[in-house]
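Open the model in a viewer and keep the selection panel at hand. The stops below say what to select and what is there.

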Amino acid sequence: MKLTLIFSDTELGVGNRCDDFIEEDLFCSTIKSLFSDAKKYSTDLIFNGDTFDFVKSPTKDGIYHRHFTEKRSLEKIELIYKAHKKTFKLFKEFLNLRGDNRIIFIFGNHDYDLVFTEVQKSICRLIAGKDKFLEKQILFPGFEFTDGLVLVEHGSQLDFNFKVNPKDFVHKGNAHYPEPFLKIPWGHNALYEFYMEYKERYPMLERLLPREYAIAALPKHLRREMVFGTMWYLFKSFFYTQFVEIHDPLRRFPFSEFFRYLTNFIRKNFHLHFLKNARKRVRRSKFQVMAVGHNHTGTMIDVYGKKILNTGAWRDEYLYNPEIDAFLPKMKSYGYILHKSNKIFTVELREVSGTKRALFFEDINEKVLSDCRK
């Protein structure tokens, strides 16, 4: 019998204002509550993408660099470790429960940096210390992992905005950028050059969902600033920047992508669209359970007798409730699967209540939005 525990979108940051991994104590106590099961069964603790938030983490110089190099990623993981030593210590405690327990890190769109071999080695060292046997219990299988009838994939590879080519993901560098860097999607340009300023000024804004309600909650002058600023950035990037900086592969902005970003913004379509592709994939496969994350929505979907288990998120988030005109703290959740290689016994989405309070729409102002520990 095998136990698979699946957590997604924890987004451990560097402890700055952009770090959305707020309820670390709750996270650690939740995993510790599973230690008795992890002693009884051989257990895989799978982190299904966006475990580490390299995207919203600056390097030691405090800069958010657009080009993800191995050196910069190593700096970031050291800073993440210093901010969340409690979680790394917990990882080691879990591995020590049994010699066949494993921790498995799937790549997501916030931790593409796990592609780098030295980053993987660094994480192993930060968890296991000098224990070489524990290091062998830590795996980095890539963008997906399979175990018998179970498929685990973050979901970003099913999303046209974030999909990358795993076989051609590291650019060897050029005269302008001599170090190898990751070929991340175009949208990261906008994140670093436009939206990160707002994230640092108003950390709470990005945690309010759906996005259209979060934007509506902004003071009028900020809403106008963001809307016009976004439109200007899109047009400038398409008609000007990509030609002026033609030497930079990250600046490539094909018309199809430009049109998609523009129409989604005009239509206020800020949702992540990948579940249709997930249903298609699980329906055509041998797998009975497909675990995903990515859109931070904990749910279980039945697909012709098979299941898509969306394990939700552990970053701090709030969901708008129109009945009381307030943003309510979202439940944290994780997947619990008991199985053998040829049989599924239990598939559960387990929810955990957080400790945050509701944010009423009428009370939201710049002071509230700038409180990063709300």
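How many bridges join S9 to strand S13? Select S9 and strand S13 (residues 318-321): two bridges join them, and they run parallel. Leu208 stands opposite Tyr318 in S13. Helices (H or I, at least four residues) and strands (E, at least two) are DSSP runs, numbered from the N terminus.

This is a predicted model, in which local features need pLDDT of at least 70 and side-chain atom pairs count only at pLDDT 80 or more, while totals for chains, interfaces and linings use all residues. Residues are numbered from 1 along each chain as its sequence is written, and side-chain values use heavy atoms, with hydrogens and water left out.

Two strands pair if DSSP finds at least two bridges between them.

**The cores.** Next, select Phe7, Phe47, Phe52, Phe105, Leu114 and Ile123, which touch the most other members of the largest nonpolar core, a set of 59 residues. Such a core consists of buried Ala, Val, Leu, Ile, Met, Phe, Trp, Tyr and Cys residues joined through side-chain atoms within 4.5 Å. Buried means under 20% relative accessible area, exposed over 50%, and partly exposed in between (1.4 Å probe, protein chains only). Helix H5 (residues 117-128) gives the largest share of this core, six residues. Centre on Phe52: beyond its neighbours within four places in sequence, its contacts include Leu12, Ile77, Phe88, His110 and Asp111. Contact means heavy atoms within 4.5 Å.

**Helix H3.** Select residues 70-83. Which residues of H3 are buried? They are Ser73, Lys76, Ile77 and Ile80. Looking down the axis of H3, these buried residues fall within an arc of 100 degrees, so they line one face of the helix; the arc is that of the directions from the helix axis to the C-beta atoms. The buried residues pack against helix H4 (85-95), H5 and helix H7 (187-201). Lys71 and Lys82, on the other side of H3, are exposed.

**Helix H9.** Thr230 is in helix H9 (residues 220-244). Thr230 is buried at a relative accessible area of 6%, and touches Phe194, Tyr195 and Phe265, not counting residues up to four places away in sequence. Move to Ser237, also placed in helix H9 and buried, at 4%. Ala190 is 47 residues from Ser237 in sequence and 8.9 Å away in space, C-alpha to C-alpha.

**Salt bridges.** The whole structure holds 32 salt bridges, each a side-chain nitrogen of Lys or Arg within 4 Å of a carboxyl oxygen of Asp or Glu. Select Lys2 and Asp44, whose side chains meet in one (3.0 Å, N to O). Lys2 lies in strand S1 (residues 2-7) and Asp44 in strand S2 (residues 42-48), so the pair ties together parts 42 residues apart in sequence. Both Lys2 and Asp44 are buried.

Then show Arg281 and Glu144, with closest N and O atoms 2.8 Å apart. Arg281 is in helix H11 (residues 275-283) and Glu144 in strand S5 (residues 144-147), so this pair ties together parts 137 residues apart in sequence. Arg281 is partly exposed at 28% relative accessible area, and Glu144 is partly exposed at 31%.
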